[in-house]
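Below are some questions and answers on a ligand site and the pockets of a protein.

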Amino acid sequence: MSDQMATERAVMPVAHNPVLERRTVENANRNLLKYLRLGLSVLDVGCGSGAITRSIAEKVGPTGRVLGIDPNENLIQQAIRHADRVADLGFQQADVYTFDTDERFDLVTCARTLQWLADPMAALRTMKRMVKPGGYLSILDFNHEKISWHPEPPEAMSLFYAAFLNWRQDAGFDNAIADHLVDLMTSLGLTEIQIENQSEQSRKADPTFAIDSRLWAEVAELRGPQLVKAGYITEDQRLQAITDYDNWIQTAGESMTVYMLAVEARVG
Ligand SMILES: C[S@@+](CC[C@H](N)C(=O)[O-])C[C@H]1O[C@@H](n2cnc3c(N)ncnc32)[C@H](O)[C@@H]1O
């Protein structure tokens with residue numbers, strides 16, 4: 001594992017990103033709803049293409065202030081293009097490890113991003129510093145080891161998923177980050193830490209089952225080429241995973257549950 005490997009593997013491939021773009025506070029970060037009110041200032045770390053950030057900006061209104069940061073130039077450009085009509089919503093290309101500003105925020109949120117950082121503690125330290133006294137730090141993330149499918153997905157997808165977790169682990173990413181957040185935040189001196197289970201289950205009867213459960217086919221499409229290039233899986237295995245999994249969704253697939261926790265604390 002090297003810092004360079006972690007940086008390279010964390011990069012989102014340049015492509016239309018349907019996974020990120022369909023997210024809103026309501027469907028993908030609902031733990032924030034209890035904080036969001038008119039006039040709030042919010043920093044969204046690892047904002048991606050800014051879909052959730054835009055949804056936050058709508059809720060804090062023109063008297064609020066929202067800043068999204070992400071190191072990925074392509075995603076930040078997309079975010080800026082879609083943000084032009086929302087008041088006081090800004091995006092900045094920045095890496096949480098090196099980001100600095102004099103601005104302080106009522107709420108600092110970071111969703112599905114620490115899973116891509118080899119040094120989550122350094123990121124948490126920066127984010128804690130950005131919170132105004134009495135404000136909140138809110139982290140939402142996965143434990144990828146606790147995903148469940150019913151029935152088991154096809155073997156080709158299980159193989160891809162295991163390779164994906166190994167590829168991530170070898171870069172220093174914590175596949176079980178959600179369950180380590182309390183310890184990390186406690187080490188930072190945060191107290192009164194609140195934990196909310198935010199696991200997302202999608203069932204066959206749900207109108208969005210085909211879209212939601214397809215997340216892993218999309219990961220195989222978007223991220224898969226990186227795994228092939230790094231030798232974790234062959235191109236044939238990647239394509240087989242997509243085909244067989246799409247077939248599972250249309251036939252045997254009953255449900256998928258991704259395990260997520262929101263871990264939050266008041267700062268100062
Ligand atoms: C899975 S996306 C999450 C996007 C959005 N927060 C959401 O929940 O839909 C992870 C994001 O983390 C960003 N990221 C990776 N390394 C980062 C770093 N060092 N600092 C800030 N963001 C980073 C990626 O560019 C990517 O946009």
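Q: Which residue has a polar side-chain atom 2.6 Å from an oxygen atom of the ligand?
A: This is a predicted model, and a polar contact in it is a pair of N or O atoms within 3.5 Å. At 2.6 Å from an oxygen atom of the ligand, the pair counts, and the polar side-chain atom belongs to Asp70.

Q: How many charged residues are in the shell around the ligand?
A: The ligand has 18 residues around it, with Arg23, Gly46, Asp70, Ala111 and Arg112 coming nearest. By class, the shell has 9 nonpolar and 5 polar residues, and the charged ones number 4.

Q: Which element gives the largest share of the lining of the largest pocket?
A: The ligand takes up the space of the largest pocket, which holds about 1000 Å³. Its lining has 46 residues, and Ala10, Arg112, Thr113, Trp116 and Arg223 are closest to the centre. Elements giving two or more residues include helix 1, strand 2 and helix 10. The largest share, 5 residues, comes from helix 10.

Q: Which element gives the most to the lining of the second largest pocket?
A: The second largest pocket has about 370 Å³ of space and 17 lining residues. Helix 3, strand 8, helix 9 and strand 9 each give two or more of them. With 3 residues, the element that gives the most is strand 8.

Conventions: Residues are numbered from 1 along each chain as its sequence is written. This is a predicted model: local features need pLDDT of at least 70, side-chain atom pairs count only at pLDDT 80 or more; totals for chains, interfaces and linings use all residues. Side-chain values use heavy atoms; hydrogens and water are left out. A residue is near a molecule or strand if one of its heavy atoms lies within 4 Å of it. A polar contact is a pair of N or O atoms within 3.5 Å; within protein, one must be able to donate a hydrogen and the other to accept it, and residues adjacent in sequence count only if both atoms are side-chain atoms. On a 1 Å grid over the protein atoms alone, a cavity is a set of points where a 1.4 Å probe fits but cannot get out, and a pocket is an open set with protein on both sides within 12 Å along at least five of seven lines; lining residues have an atom within 4 Å of a point. A molecule sits in a cavity or pocket if more than half of its atoms lie within 2 Å of its grid points. Ala, Val, Leu, Ile, Met, Phe, Trp, Tyr, Cys and Pro count as nonpolar, Asp, Glu, Lys and Arg as charged, and the others, Gly among them, as polar. Grid points are joined across faces, edges and corners, and a volume is the space filled by probe spheres set on the points. Helices (H or I, at least four residues) and strands (E, at least two) are DSSP runs, numbered from the N terminus.
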